[in-house]
Amino acid sequence: DIYPGQLVICTGPSGSGKTTLLTMLGGLRSCQDGSLNILGEELNGANKEQLAKLRLNVGFIFQAHNLMMFLNARKNVRLSLELHDKYYESDMDLMAEQMLDKLGLGDRVDYFPANLSGGQRQRVAIARALVSRPKILLGDEPTAALDKESGRTVVNLMKELAETEKTTIIM
């Protein structure tokens, strides 16, 4: 059992199933055996609609940042907000810019991924995952591409999110 506001770190050798576990927890991969209950929903046997509904409550940060190369940093982060009806009346551009600023990218909001370093791309991906304040945040080695200072900033932001928003974080 993992509760709201907890931060859990999964460790193990390469190939031990850490990424598989994260993709199952986030509804990206179906559960075919046993029981997996996330946010009160049983995922064993869940259909596509149930998995899609779960994903609205989950933020993902993967090693491969998965940014849209044809969108600038602001629009990549804004994408996460556009999935949620509750943000339609909000200034999504401003929210995206504020999150990018928190991650030290306030001067890079109009940059396209091709014009950002690997660490900057990863911070854009992290901003995208954090901006919608998900109930669950899943990170597959989210700070691996970052320098020590940026990594510390990201970890501190995650801790703050866990404490203030009661976000469950699993990395």
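I started with E4: Val58 and Phe60 point one way, Gly59 and Ile61 the other way. All are buried (under 20% relative accessible area with a 1.4 Å probe, protein chains only; exposed is over 50%, partly exposed in between). In a regular strand, side chains alternate between the two sheet faces.

I noted the ground rules. This is a predicted model, with pLDDT of at least 70 needed for local features and 80 or more for side-chain atom pairs, while totals for chains, interfaces and linings use all residues. Numbering runs from 1 along each chain as its sequence is written, and side-chain values use heavy atoms, without hydrogens and water.

Next, the sheet. It is open, with four strands in the order E1-E6-E5-E4 and parallel pairing (a pair needs at least two DSSP bridges; strands are DSSP E runs of at least two residues and helices H or I runs of at least four, numbered from the N terminus). E1 (7–8) and E4 (58–61) are the edges; each has a single partner strand, so one side of each lacks a neighbour in the sheet. Four bridges join E4 to E5 (residues 136–139), and Ile61 has Gly139 as its bridge partner. Two bridges join E1 to E6 (residues 168–170); there, Val8 partners Ile170.

Last, the helices. H3 (residues 73–82) packs on H5 (residues 118–130) at about 30 degrees, axes 7 Å apart (lines fitted to C-alpha atoms over the stretch in contact; angles run from 0 to 180 degrees between N-to-C directions). Ala73, Asn76, Val77 and Ser80 of H3 meet Val124, Ala127 and Arg128 of H5 (heavy atoms within 4.5 Å).
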